[in-house]
Amino acid sequence: MTTRVVPFSRYNEEFLSMQAQIRSTLSAVTETLMNDSSPVSVQSKMSHANNLLTQAKDLLKQMTIESRSVDDKSLKVECQKVVRVAKGNHANLVDDVKAVQCEVDRNSLLQGGDVESGSRSGKNSAAREHLLKTNDNLQSQNSTLENAKRIMAETEDVALEITEELARNRETIESTHSRVRGVSSLTNRARRVLVSMQRREVQQKMVVYGI
């Protein structure tokens, strides 16, 4: 492994570790929702999950930068594959966090009316149902926007990779043209030398015949 790939590997290991922590935290939140009615502990875990998600996103940015800085072509391709997989996993984590947060919000709304009774309870129940539907719609819209942003980011990454590849191809073509010009120059020089030698040979024959 080259020195240049070492930082990338470390970032990837940190990302994988953080990914496991996020999934573990979400599992703990789901279990808490089933067994514990305390919203404080749930919100604390969700806050921790969101902080880990932000850190994982920062690691992804570092991994992307490092992958583009790898000199070896084959290693660079492998690093970029790892980045693409990591981005897919991060996108799944974002969806998972949003889904669990939605359940947390729903649970909080439902618990808010447990102490109500009578006709007032019915009105509050209808209001809560309306809030839940509104929340679901907002979640769906946010998910659509996030998917669009994700596609744009992936498209940008692909465009950058294509641009880099075109730049390398251009350098190769320019280098080839330079070598061709060099060979052409040598060929022309050799042709002039041959013509000069032929002229001298003719002149020498004329001198010999003249004698």
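Helices here are DSSP runs of H or I with at least four residues, strands are runs of E with at least two, and both are numbered from the N terminus.

**View 1. Asn12 sits in helix α1.** This is a predicted model, in which local features need pLDDT of at least 70, side-chain atom pairs count only at pLDDT 80 or more, and totals for chains, interfaces and linings use all residues. Residues are numbered from 1 along each chain as its sequence is written, and side-chain values use heavy atoms, with hydrogens and water left out. Is Asn12 buried or exposed? Asn12 counts as buried because its relative accessible area is 18%, and buried means under 20%, exposed over 50% and partly exposed in between (1.4 Å probe, protein chains only). Skip its neighbours within four places in sequence, and Asn12 is in contact with Met63 and Val82; contact means heavy atoms within 4.5 Å.

**View 2. Here is helix α1, residues 6-35.** Which residues of α1 are buried? Among them are Phe8, Asn12, Phe15, Met18, Gln19, Ile22, Leu26, Val29 and Leu33. An α-helix has 3.6 residues a turn, so residues three or four places apart point the same way.

**View 3. Gln43 belongs to helix α2.** Gln43 is partly exposed, with a relative accessible area of 38%. Not counting residues up to four places away in sequence, Gln43 touches Gln101 and Val104. Now look for Asp105: Gln43 and Asp105 are 62 residues apart in sequence, yet 9.7 Å apart in space, C-alpha to C-alpha.

**View 4. The largest pocket has a volume of about 760 Å³.** Its lining is made of 23 residues, with Lys57, Leu60, His90, Val94 and Glu146 lying nearest the centre. Two or more lining residues come from each of α2 (39-69), α3 (73-111) and α4 (118-210), and α2 supplies the largest share, 9 residues. By class, this lining splits into 7 nonpolar, 6 polar and 10 charged residues. Ala, Val, Leu, Ile, Met, Phe, Trp, Tyr, Cys and Pro count as nonpolar, Asp, Glu, Lys and Arg as charged, and the others, Gly among them, as polar. What's a pocket, then? On a 1 Å grid over the protein atoms alone, it is an open set of points where a 1.4 Å probe fits, with protein on both sides within 12 Å along at least five of seven lines, and lining residues have an atom within 4 Å of a point. Points are joined across faces, edges and corners, and the volume is the space filled by probe spheres set on them.

**View 5. The second largest pocket has a volume of about 190 Å³.** Its lining includes Thr64, Arg68, Gln80, Arg84, Lys87, Glu154 and Asp157. Again, α2, α3 and α4 each give two or more residues to the lining of this second largest pocket. Which element gives the most? That's α4, with 5 residues. The classes here come to 2 nonpolar, 3 polar and 7 charged residues.

**View 6. Zoom back out to the chain, with its 4 helices and 0 strands.** From the N terminus on, the elements run α-α-α-α. Buried residues make up 22% of the 211 residues. Of the contacts with a separation of 6 or more, 74% join residues 24 or more positions apart.

Methods
The expected span of a helix is 1.5 Å times one less than its number of residues.
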